[in-house]
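Okay, thanks for making time, everyone. Let me put the structure up.

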Amino acid sequence: MAPSFSTPLKFLFSSLLLIICIMVCEINCETQPPKPNQTLVFFLQDVASGPNATVSIVTGINGRDWSYNTFGTIFVVDDPVMLSASPSATQVGRAQGMLIASSLDGSNVSVVMSIVFNSFQYSESTLEIQGISRQRENYRELSVVSGTGRFRYAKGTAGLETLSYDAPTTRSIIRLTITLV
């Protein structure tokens, strides 16, 4: 003879099953990959010297000058990510990471960078960018290798285009075009 359950016990098990189903659905909704073929455009405000520098040399090879063109020099970067090229535009995050002068002639820099969103619709999400940046070219393309939050499982490309450079202030404005596939 099959066991008999009371009505309150049946209600309890049904409620627990419903709660578990809702939790599984919410977890799956949060881990969906980003929309394919999505293009995002942001602007990096890069300052290489002075009290408000957003790029700084950390170390290099002993006995050599440490510069952007010297093999083995390591930099850290923490550029504001803006919605437009204007320095007074809305900031939506920070581009944080490391740059390493990785070619003997100083023409290439290895980039490992996170776009850390702290406002806008992507708050608390990140995009992870990695690759070689050819310093002497105006347009450079790197890989989007991953992400977190709304960009979990992200893949694609990140195009970096220098829009302007002011030598006296060492300020650069760089358009960051992210294409997710």
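Before I start, one term: when I say partly exposed, I mean a relative accessible area between the buried cut-off, under 20%, and the exposed one, over 50%. And keep in mind that this is a predicted model.

So take Glu161. At 24% relative accessibility, Glu161 counts as partly exposed. What does Glu161 form a salt bridge with? The partner is Arg175, and their closest N and O atoms sit 2.9 Å apart. Glu161 is in strand β8, residues 156–166, while Arg175 is in strand β9, residues 171–180, so this pair ties together parts that are 14 residues apart in sequence. Arg175 comes out at 28% relative accessibility, so that one is partly exposed too.

How many salt bridges does the structure hold? There are 2. The other pair to look at is Asp78 with Arg94, again with 2.9 Å between the closest N and O atoms. Here Asp78 belongs to strand β3, residues 74–82, and Arg94 to strand β4, residues 91–101, so the link joins parts 16 residues apart in sequence. As for accessibility, Asp78 is at 30%, which makes it partly exposed, and Arg94, at 22%, is partly exposed as well.

Met98 has 40% relative accessibility, so it's partly exposed. Together with Val58 and Val76, Met98 makes a nonpolar surface patch of about 230 Å².

Note on methods
Residues numbered from 1 in each chain as written. Predicted model: local features only at pLDDT ≥ 70, side-chain atom pairs only at ≥ 80, totals over all residues. Heavy atoms only, no water. Salt bridge = Lys/Arg side-chain N within 4 Å of Asp/Glu carboxyl O. Helix = DSSP H or I, 4+ residues; strand = E, 2+ residues; numbered from the N terminus. Buried < 20%, exposed > 50% of the residue type's maximum accessible area, 1.4 Å probe, protein only. Patch = residues over 30% accessible without salt bridge, like charges linked within 9 Å, V, L, I, M, F, W, Y side chains within 5 Å. Areas by Shrake-Rupley, 256 points an atom, 1.4 Å probe, with all protein chains shown as cover.
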